[in-house]
Amino acid sequence: MSLPIITADQRLAEPRGVKGVLVGKSGIGKTSQLWTLDPARTLFKDLEAGDLAVEGYGGDTIRPRTWQECRDFAVFIGGPNPALRDDQPYSEAHYQAVCQRFGDPAVLDKYDTVFVDSITVAGRLCLQWCKGQPQAYSEKTGKPDNRGAYGLMGQEMIAWLTHLQHTRKKNVWFVGILNEALDDFNRRVFSLQIDGSKTGLELPGIVDEVITLAEVKDEEGNSRRAFVCHTLNQWGYPAKDRSGRLDAIEEPNLGRLMKKIAGPVRPASERLVFEETTTFSDAVANTATQHPNKDLKDN
């Protein structure tokens with residue numbers, strides 16, 4: 001048996017799906033982005049029961065009501081993880097058990113995109129399930145332990161998201177509500193609305209794209225909706241573009257956005273732009289100028 005090296009040509013020929021998070025404040029039109037997707041090739045995972053915005057939409061829908069159903073659908077869509085034991089979720093045993101209930105997974109071949117609305121509700125279902133597990137109770141007193149429940153929730157959510165991330169052949173979009181608050185210095189800070197902190201902190205590192213659907217103003221001061229796609233943006237919105245194909249601001253159309261991501265890749269010399277860095281002596285001089293009373297010493 002030879003070393004299973006994947007050549008560049010093989011890697012480039014592989015079908016690849018986009019894994020992304022679409023966030024925005026309530027009512028700005030996140031769920032309505034479903035209208036921009038091909039209904040014949042999209043599976044709507046409706047966790048919020050808030051499909052009034054897409055009433056009349058012609059695509060197929062699934063409606064998981066429990067965390068166990070969320071895990072079952074994830075392994076059915078993404079297949080088994082061979083690294084896991086049979087007693088673990090997303091293992092081969094879990095996958096086979098789900099296939100016996102749901103049937104042939106080939107039924108999913110007609111879908112290119114899974115639209116999950118929303119990750120906020122998925123977190124609530126996960127936390128509710130976690131509160132009933134042994135880890136959520138104190139070993140000494142037997143009373144509920146919220147720290148144990150939230151710790152287990154973080155592990156469960158990351159495992160769920162990571163498994164869906166490895167579904168290479170499909171696009172998976174998670175919809176989330178964007179929280180806005182003021183920090184101790186009266187600055188606006190944004191975060192994903194989800195119970196616990198672990199999922200919100202680690203999610204941007206798991207997915208390929210983080211897109212904020214926000215209200216921005218043009219040069220004339222008129223408000224309009226737009227996708228904010230770059231991490232460095234003037235509003236501080238959460239954003240990330242791993243593809244290198246998106247502009248800082250894109251039109252609020254998820255279907256066209258995915259076509260742009262799937263388009264021809266730009267050369268690395270055009271995508272990767274690095275600003276000139278100052279020398280160490282310049283950095284020391286600048287620091288000394290800004291902090292004249294600070295004693296700078298070499299370590």
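**Entry 1: strand β1**

I began with strand β1, residues 19-24, in this predicted model. I asked how many of its residues are buried. Six of the six are, so β1 is largely enclosed by the rest of the structure.

Next I looked at which way the residues point. Lys19, Val21 and Val23 point one way from β1. Gly20, Leu22 and Gly24 point the other way. Residues on both sides are buried.

**Entry 2: the partners of β1**

Which strands pair with β1? I found β5, residues 171-182, joined to β1 by six bridges. These two strands run parallel.

**Entry 3: helices α2 and α3**

I moved on to a pair of helices. Two packed helices are described by the angle between their axes and the distance between the axes. I looked up both values for α2, residues 67-78, and α3, residues 92-102. The axes come within 9 Å and cross at roughly 95 degrees. An angle of 65 to 115 degrees counts as roughly perpendicular, so α2 is roughly perpendicular to α3.

Which residues meet there? From α2 I listed Gln68, Arg71, Asp72, Phe73, Val75 and Phe76. From α3 I listed His94, Tyr95, Val98, Cys99, Arg101 and Phe102. I sorted the residues of this contact by type: seven are nonpolar, two polar and three charged.

**Entry 4: helix α4**

I then turned to α4, residues 119-130. This helix has 12 residues. From first C-alpha to last it reaches 16 Å, close to the 16 Å expected at 1.5 Å a residue.

I wanted to know which residues of α4 are buried. They are Ile119, Thr120, Val121, Ala122, Gly123, Cys126, Leu127 and Cys130. What do they pack against? I found three helices named: α2, α5 (146-165) and α6 (198-206). I also found strands β4 (113-117), β5 and β6 (188-192). Two of these names were already in my notes: β5 pairs with β1, and α2 crosses α3.

**Entry 5: the whole protein**

Last, I took the overall view. The protein has nine helices and 10 strands. Of its 299 residues, 39% count as buried. I also checked contacts with a separation of 6 or more: residues 24 or more positions apart account for 59% of them.

How values were computed: Residues numbered from 1 in each chain as written. Predicted model: local features only at pLDDT ≥ 70, side-chain atom pairs only at ≥ 80, totals over all residues. Heavy atoms only, no water. Axes fitted to C-alpha atoms, helices over the stretch in contact; angles between N-to-C directions. Helix = DSSP H or I, 4+ residues; strand = E, 2+ residues; numbered from the N terminus. Parallel < 35°, antiparallel > 145°, perpendicular 65-115°, else oblique. Contact = heavy atoms within 4.5 Å. Nonpolar A, V, L, I, M, F, W, Y, C, P; charged D, E, K, R; others polar. Buried < 20%, exposed > 50% of the residue type's maximum accessible area, 1.4 Å probe, protein only. Pairing = 2+ DSSP bridges. Expected span 1.5 Å × (residues − 1).
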